[in-house]
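Please read them with the coordinates open.

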Amino acid sequence: MTIHEAYEGWNRLHPRAHPNNCVLPAIITIEEGAFAECSRLIDVEFSERLETIGGHAFNDCKRLQRIAIPLKRGLIPFDDLDNLFQFDDCDQLTTVDLAGG
């Protein structure tokens with residue numbers, strides 16, 4: 001499941017909700033820019049199923065304070081240096097919890 005599929009499903013169930021804290025256990029891929037400029041996101045947690053975080057995925061998430069991701073080789077691909085900066089301008093991000101390993 002991609003983040004876009006999850007978001008579409010969430011919007012069908014909760015059309016007016018914008019969660020500050022998200023637990024997204026079914027997500028396998030976070031596409032490029034998927035959460036960019038998401039001003040309400042504070043805390044997000046992914047399961048061991050997560051395989052890839054695309055470039056600029058969380059750019060400019062000004063309120064993001066914590067993210068939980070699996071400790072996994074290749075989670076952030078370094079093959080395209082122009083497509084990095086997954087957490088650029090996340091000024092309040094202070095905690096990255098790494099699970100597994």
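The numbered points below go from the basis of the model to its salt bridges and backbone.

1. Basis. This is a predicted model, in which local features need pLDDT of at least 70 and side-chain atom pairs count only at pLDDT 80 or more, while totals for chains, interfaces and linings use all residues. Residues are numbered from 1 along each chain as its sequence is written, and side-chain values use heavy atoms, with hydrogens and water left out.

2. Secondary structure. The protein has one helix and six strands. Along the sequence the order is α-β-β-β-β-β-β. Helices (H or I, at least four residues) and strands (E, at least two) are DSSP runs, numbered from the N terminus.

3. Burial and surface. Of the 101 residues in the protein, 31% are buried. Buried means under 20% relative accessible area, exposed over 50%, and partly exposed in between (1.4 Å probe, protein chains only). The protein exposes about 6,300 Å², and carbon and sulfur atoms supply 52% of that area. Accessible areas come from the Shrake-Rupley method with a 1.4 Å probe; for residues, only the protein chains shown count as cover.

4. Contacts. Residues 24 or more positions apart account for 48% of them.

5. Strand pairing. Two strands pair if DSSP finds at least two bridges between them. Strand β1 (residues 21-24) pairs with β3 in the parallel sense, over four bridges. N21 has D43 as its bridge partner in β3. β3 also pairs with β5 in the parallel sense, over three bridges. Here D43 stands opposite R66 in β5.

6. Salt bridge between D43 and R66. The structure holds five salt bridges, each a side-chain nitrogen of Lys or Arg within 4 Å of a carboxyl oxygen of Asp or Glu. In one of them, the side chains of D43 and R66 meet at 2.8 Å, N to O. The pair links distant parts of the chain, with D43 in strand β3 and R66 in strand β5, 23 residues apart.

7. D97 counts as partly exposed, at 31% relative accessibility. Which residues do the shared partners join into one network? They are D43, E45, R66 and D97.

8. The side chains of K62 and D91 meet in a salt bridge at 3.9 Å, N to O. K62 is in the loop between β4 and β5, and D91 is in the loop between β5 and β6 (95-99), 29 residues apart. K62 is partly exposed at 37% relative accessibility, whereas D91 is exposed at 59%.

9. Positive phi. Most residues other than glycine have a negative phi. E37 has a positive phi near 60 degrees. E37 lies in the loop between β2 (29-30) and β3 (43-46) and counts as exposed, at 60% relative accessibility. Phi of H56 is also positive, near 60 degrees. H56 sits in the loop between β4 (52-53) and β5 (66-70). Is H56 exposed or partly exposed? At 22% relative accessibility, H56 counts as partly exposed.

Methods:
Contact = heavy atoms within 4.5 Å.
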